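User: I am new to this structure and would like a short tour. Could you show it first?
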Amino acid sequence: DISKIIEKRALVFESLAFENNVDIELDILKNIIFKSSKTEIDELVSILIDNAIKHSYKNSTIKVKLYKEKNNSNN
């Protein structure tokens, strides 16, 4: 469940965001299943959120969104 992984990983960064006067806003659709390594997803999300915090203006908001989109490919 990638939804739970991303939500948990984002919450880890709340204190760092607070120290940098940045808010983290989550908009995560529940129960999205994705076949991948939990460790790799954790690492990817951590890098993205950490970079967003470091490069955001003070008093700004980082939006973490996860939603499912219909696959329109013919594969």
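This is a predicted model: local features need pLDDT of at least 70, side-chain atom pairs count only at pLDDT 80 or more; totals for chains, interfaces and linings use all residues.

User: In what sense do β1 and β2 pair?
Analyst: They pair in the parallel sense, over 7 bridges; pairing requires that DSSP finds at least two bridges between two strands. Within β2, Val64 is the residue opposite Leu26. Helices (H or I, at least four residues) and strands (E, at least two) are DSSP runs, numbered from the N terminus.

User: Which residues of β2 are on its covered face?
Analyst: Ser60, Ile62, Val64 and Leu66 are on the covered face, and Thr61, Lys63 and Lys65 are on the uncovered one. In a regular strand, side chains alternate between the two faces of the sheet.

User: Now the helix: is Asp50 buried or exposed?
Analyst: Asp50, in helix α3, counts as buried because its relative accessibility is 19%. Buried means under 20% relative accessible area, exposed over 50%, and partly exposed in between (1.4 Å probe, protein chains only).

User: What is Asp50 in contact with, leaving aside its neighbours within four places in sequence?
Analyst: Asp50 is in contact with Phe13 and Leu16, where contact means heavy atoms within 4.5 Å.

User: And where is Lys35?
Analyst: Lys35 is in the loop between β1 (22-28) and α3 (38-54). Lys35 counts as exposed because its relative accessibility is 82%.

Terms used. Residues are numbered from 1 along each chain as its sequence is written. Side-chain values use heavy atoms; hydrogens and water are left out.
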